[in-house]
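Let's take a walk through a protein model together.

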Amino acid sequence: MFDLEEAIRERHSTRMFLPDRPVPRSLVDEALTLAVRAPSNSNIQPWQMVFASGAVRDRLVAALLHEARSRPPKIPPLPHAFAHVRRELGAQVYGSMGIARKDTEARREAVLRNWEFFRAPLAGIVCMHRDLGRVDALGVGMFLQTLLLALTARGLGTCVQVSIAGYPEIVHAQLAIPSELSVLCGLAVGYPDPSFPANGLHIGRRAIGENVVFHDA
């Protein structure tokens, strides 16, 4: 079990899991019990989680892959001023896997793994009521980060996936999620595949001074 600082430093996106090593429900329950302590506006506790494993997870993945091969996901593009960040991240991730920039087929196969939850045996869907707004989305984010850290402390890998929200109608239909809940993202949970090169990546962060301002008297 990691302490808090270790969990914060160790948490990173896992991009390939061991599909045949199941996630103990007891560990997920422990992590959720901690995550619900996250703060939220007026204690609304706006987070809603749906998990799928086994045959249910497999049907969800099959439906998502079918859709991903047919049409692009409904994901808003990044503003031009921020698009370079995604390109830089892609260069690191694909580079670690030995995929050249011009190898379109290998990149396509790598992208499709998003809708396999990177083969994680436990697929999570993060939702919020459609009537709630940005302030409440902050609460969901704090819950999700706490959940990630609690899972990391228990030796599990995770990956938050905006790509899953690109096909919300598939997710709603496959998991019988009520229409009043908006799908915000997916969450892959499992044990990392130690042989997968991209799992060794710890993506750098900007210097604190680039994002934080202190005003002194």
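Start with helix 4, which runs over residues 80-96 and has 17 residues. From its first C-alpha to its last it reaches 25 Å, close to the 24 Å expected at 1.5 Å a residue; that expected span is 1.5 Å times one less than the number of residues. Helices here are DSSP runs of H or I with at least four residues, strands are runs of E with at least two, and both are numbered from the N terminus. A quick word on what you're looking at: this is a predicted model, where local features need pLDDT of at least 70, side-chain atom pairs count only at pLDDT 80 or more, and totals for chains, interfaces and linings use all residues. Residues are numbered from 1 along each chain as its sequence is written, and side-chain values use heavy atoms, with hydrogens and water left out.

Which residues of helix 4 are buried? They are A83, G90, V93 and Y94 (buried means under 20% relative accessible area, exposed over 50%, partly exposed in between, with a 1.4 Å probe and protein chains only). Look down the axis of helix 4 and these buried residues fall within an arc of 90°, so they line one face of the helix; the arc is taken from the directions from the helix axis to the C-beta atoms. The face turned away from that buried side carries the exposed residues A81 and F82. Helix 5 (104-112) is part of what covers the buried residues, with contact meaning heavy atoms within 4.5 Å. After helix 4 comes G98, with a positive phi near 75°.

Now hop over to the loop between helix 2 (25-35) and strand 1 (48-52), where you'll find S42. Most residues other than glycine have a negative phi. S42, though, has a positive phi near 55°, and N43, in the loop between helix 2 and strand 1, has a phi near 55° too. S42 is exposed at 64% relative accessibility, and N43 is exposed at 53%.

Finally, find the largest pocket, with a volume of about 1800 Å³. Its lining has 48 residues, and R15, R86, L89, G90 and V93 lie nearest its centre. (Lining residues have an atom within 4 Å of a pocket point; a pocket is an open set of points on a 1 Å grid where a 1.4 Å probe fits, with protein on both sides within 12 Å along at least five of seven lines.) Helix 4 gives the largest share of that lining, 10 residues.

Terms used. Points joined across faces, edges and corners; volume = space filled by probe spheres on them.
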